[in-house]
Amino acid sequence: MAKVIPRIGSRRNGRIGSRKSARRIPKGVIHVQASFNNTIVTVTDVRGRVVSWSSAGTCGFKGTRRGTPFAAQTAAANAIRTVVDQGMQRAEVMIKGPGLGRDAALRAIRRSGILLTFVRDVTPMPHNGCRPPKKRRV
């Protein structure tokens with residue numbers, strides 16, 4: 001005979017909606033990763049939890065067109081549209097990478113109506129990094 005586990009609390013009356021839409025975020029962080037082949041825009045809250053994201057690939061750009069400034073602009077606009085609806089007013093912007101979409105994505109963010117507290121370049125720079133491999137033939 002299986003033991004009956006009493007359930008605490010009833011789910012019948014409370015509707016379980018998606019937690020994502022319920023979260024109101026007045027301030028957030030927008031991360032832009034611009035490589036030569038793609039641009040990824042991620043919007044997080046101040047604790048670092050992802051609220052919305054978009055990339056040139058998910059916006060329908062294929063192949064080399066993903067690395068273009070227009071693709072980056074479209075990706076930034078798509079990622080920000082959802083968080084503006086959730087009530088985001090202020091944001092910090094972190095831009096990473098050497099791609100063509102850096103400036104275009106920043107321009108799209110500025111145009112969205114979100115007040116930018118600061119824009120920071122967080123591209124990783126090696127301080128004369130790793131030792132190169134030895135020469136093959138001398």
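Author: Helices here are DSSP runs of H or I with at least four residues, strands are runs of E with at least two, and both are numbered from the N terminus. Keep in mind that this is a predicted model.

Reader: Happy to. How many helices and strands are there in the protein?

Author: The protein has three helices and five strands. Reading from the N terminus, the order of elements is α-β-β-β-α-β-α-β. Of its 138 residues, 33% count as buried. For contacts between residues at least 6 apart in sequence, 63% join residues at least 24 apart.

Reader: Let's take α2. What is its reach from first C-alpha to last, and what would be expected?

Author: Helix α2 covers residues 69-85, 17 residues in total. The reach is 25 Å, close to the 24 Å expected at 1.5 Å a residue.

Reader: How do I read the sides of a helix?

Author: Start with the general idea: an α-helix has 3.6 residues a turn, so residues three or four places apart point the same way. Now the case here: Ala71, Ala72, Ala75, Ala76, Ala79, Ile80 and Val83 are the buried residues of α2. They lie on the same side of α2 because their arc around the axis is only 150 degrees. Turned away from that buried side is a face with the exposed residues Phe70, Arg81 and Asp85.

Reader: How should I describe a pair of helices?

Author: Two packed helices are described by the angle between their axes and the distance between the axes. For α2 and α3, the axes come within 8 Å and cross at roughly 35 degrees. The crossing of α2 past α3 is right-handed. On the α2 side, the contact is made by Pro69, Ala72, Gln73, Ala76 and Ile80. On the α3 side, Gly101, Ala104, Ala105, Ala108, Ile109 and Arg111 take part. Sorted by class, this contact has eight nonpolar, two polar and one charged residues.

Reader: Now a loop residue. Is Ile25 buried or exposed?

Author: Ile25 is buried, because its relative accessibility of 6% falls under the 20% cut-off. Ile25 sits in the loop between α1 (19-22) and β1. Setting aside neighbours within four places in sequence, Ile25 contacts Asp45, Val51, Val83, Gln86, Gly87 and Met88. The C-alpha atoms of Ile25 and Arg90 are 9.3 Å apart, though 65 residues separate the two along the chain.

Reader: Could we do a strand residue too? Which residues does Thr42 touch?

Author: Thr42 belongs to strand β2. Not counting residues up to four places away in sequence, Thr42 touches Val29, Ile30, His31, Val50, Ser52 and Trp53. Its relative accessible area is 15%, so Thr42 counts as buried.

Definitions and conventions:
Residues are numbered from 1 along each chain as its sequence is written. This is a predicted model: local features need pLDDT of at least 70, side-chain atom pairs count only at pLDDT 80 or more; totals for chains, interfaces and linings use all residues. Side-chain values use heavy atoms; hydrogens and water are left out. The expected span of a helix is 1.5 Å times one less than its number of residues. Buried means under 20% relative accessible area, exposed over 50%, partly exposed in between (1.4 Å probe, protein chains only). The arc is that of the directions from the helix axis to the C-beta atoms. Axes are lines fitted to C-alpha atoms, for helices over the stretch in contact, and angles run from 0 to 180 degrees between N-to-C directions. A crossing is left-handed if the near helix is turned anticlockwise from the far one by less than a right angle, and right-handed if clockwise. Contact means heavy atoms within 4.5 Å. Ala, Val, Leu, Ile, Met, Phe, Trp, Tyr, Cys and Pro count as nonpolar, Asp, Glu, Lys and Arg as charged, and the others, Gly among them, as polar.
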